[in-house]
Amino acid sequence: MKKLVAKGATTLALLSLSVMPVLAQDTEAVPAVSPEVAYILNTLLFLIGGFLVMWMAAGFAMLEAGLVRSKNVSMQCLKNITLYSIAGLMYWITGYNLMYTGVDGGFIGSFGPYAFDAVGGDALDTGYSTASDWFFQMVFCATTASIVSGTLAERIKLWPFLVFTVLLTGFIYPIAGSWQWGAGWLSEMGFSDFAGSTLVHSVGGWAALAGAIILGARKGKYGADGSVHPFPGSSMPLATLGTFILWLGWFGFNGASQLAMGTIADVSDVSRIFANTNMAAAAGVVMAVVLTQILYKKVDVTMALNGALAGLVSITAEPLAPSVWQTVFIGAVGGAIVVFAVPMLDKLKIDDVVGAIPVHLLAGIWGTLIVPLSNTDASWGVQITGIVAYGVFTLVASAIVWFILKATMGIRVSEEEEALGLDKVEVGVEAYPEFGVGSQRL
């Protein structure tokens, strides 16, 4: 519900700050915050939160680079910087307006590019700079596309993936987002998703799931007898660095979704959100570490990394209201979801290279479903309705796009190209030429 104020619902709250100073019982004056100061603080929150979420693009790039094999590292780096750039362009061309302009309780906004404030603008009626709002919303859009990138790694062609990114960031995500954060039909029903467990993470997860099913598994991943052949990633240090970068960026993702910093209450809530976000991630890690030790007699570092991310995704739907114990419970269940869902996907022969489907889709569903535990304004029935609506829309829309791309451009590289690695075949720059295919030429 918080993102609804991104189109001006903070106005009344901000205007209320312009009252004259009042006298406390001890006769000391308590100064009020002027609308101008509130405007500056709110804009600053959007900008700081925005560049923290933008830094998550680096986190996704490093996480994926570490979890794919050496012959595909450059491809993942290329995909992540390109998808972020495409998202930035598409969200200006039409994405923002589709999500926020003229939704009015419906299913879709307006087409066309978004206009920022004029140079030197001081639109106090909005309570923040419109460019800062656009930037903050745009980086969320880019996050959705990053989720898809990791799942489909090591066997998808570059250009069909980029075409899908254009449609996901320009149309699919903004239309879905308008239902809640754009004051659409789900918002009218009372659906609650504070910072995007469903709107961002499960939307990306559903799109990734559709692609993984249609694309198929990597060659040799699953044996005819049902056996699973692990493909170790290229660098656990890179994957760990990527996870810490994502963890850091999540403070902007959740904290800045308060969307206001002009009052003591707002700043206090942002601080509470930071603390809850950190607690949930920590609980996800500990749960994943304990469970892998119990189940496999060894601790799997990739499970620990994804446990952190699953804890973060789980708390994203409601990071403000939960108590500490509720937060720990929510994050820990997220970590458990990863441990049990990864082998489940392998049994179904759904090849998810980085574990994005358990982390973003399943933990996103869990986080959205459990919102009424701490937020009494939320309804179990409405939460389930929203989860199902987003799932059906995104899965169907994504599947249609993937099938069209498969029939026209082809979405999968050949077996020979897959064996050689996408760095050599499609990028032309190997990440580790001294140790990979390039070393054979030295």
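Visitor: Is D266 buried or exposed?
Guide: This is a predicted model, and in it D266 is buried because its relative accessible area is 16%, where buried means under 20%.

Visitor: And where does D266 sit?
Guide: D266 belongs to helix α9, which covers residues 264–296.

Visitor: What does the side chain of D266 make a polar contact with?
Guide: The partner is the side chain of Q258, at 3.0 Å.

Visitor: Which residues does D266 touch, leaving out those up to four places away in sequence?
Guide: With that exclusion, D266 touches Q258, A260 and M261.

Visitor: Let us change topic. How many cavities of 30 Å³ or more are there?
Guide: The count comes to 3.

Visitor: How much space lies in the largest cavity?
Guide: The largest cavity holds about 70 Å³ of space.

Visitor: Which residues are closest to its centre?
Guide: The largest cavity is lined by 13 residues, and F60, L63, V354, A356 and H360 are the closest to its centre.

Visitor: Which elements give two or more residues to that lining?
Guide: For the largest cavity they are α2 (35–67), α4 (130–151), α10 and α12 (356–369).

Visitor: What is the lining like by class?
Guide: The lining of the largest cavity has 7 nonpolar, 5 polar and 1 charged residues.

Visitor: What about the second largest cavity: how much space lies in it?
Guide: About 50 Å³ of space lies there. Its lining includes V53, M54, L83, Y84 and V139. F60 also lines the second largest cavity, and F60 was named above for the largest cavity.

Visitor: You mentioned α10. How many residues does α10 have, and how far does it reach?
Guide: Helix α10, residues 301–316, has 16 residues and reaches 23 Å from its first C-alpha to its last. That span is close to the 22 Å expected at 1.5 Å a residue.

Visitor: Why is α10 described as largely enclosed by the rest of the structure?
Guide: The description applies because 14 of the 16 residues of α10 are buried.

Definitions and conventions
Residues are numbered from 1 along each chain as its sequence is written. This is a predicted model: local features need pLDDT of at least 70, side-chain atom pairs count only at pLDDT 80 or more; totals for chains, interfaces and linings use all residues. Side-chain values use heavy atoms; hydrogens and water are left out. Helices (H or I, at least four residues) and strands (E, at least two) are DSSP runs, numbered from the N terminus. The expected span of a helix is 1.5 Å times one less than its number of residues. Buried means under 20% relative accessible area, exposed over 50%, partly exposed in between (1.4 Å probe, protein chains only). On a 1 Å grid over the protein atoms alone, a cavity is a set of points where a 1.4 Å probe fits but cannot get out, and a pocket is an open set with protein on both sides within 12 Å along at least five of seven lines; lining residues have an atom within 4 Å of a point. Grid points are joined across faces, edges and corners, and a volume is the space filled by probe spheres set on the points. Ala, Val, Leu, Ile, Met, Phe, Trp, Tyr, Cys and Pro count as nonpolar, Asp, Glu, Lys and Arg as charged, and the others, Gly among them, as polar. A polar contact is a pair of N or O atoms within 3.5 Å; within protein, one must be able to donate a hydrogen and the other to accept it, and residues adjacent in sequence count only if both atoms are side-chain atoms. Contact means heavy atoms within 4.5 Å.
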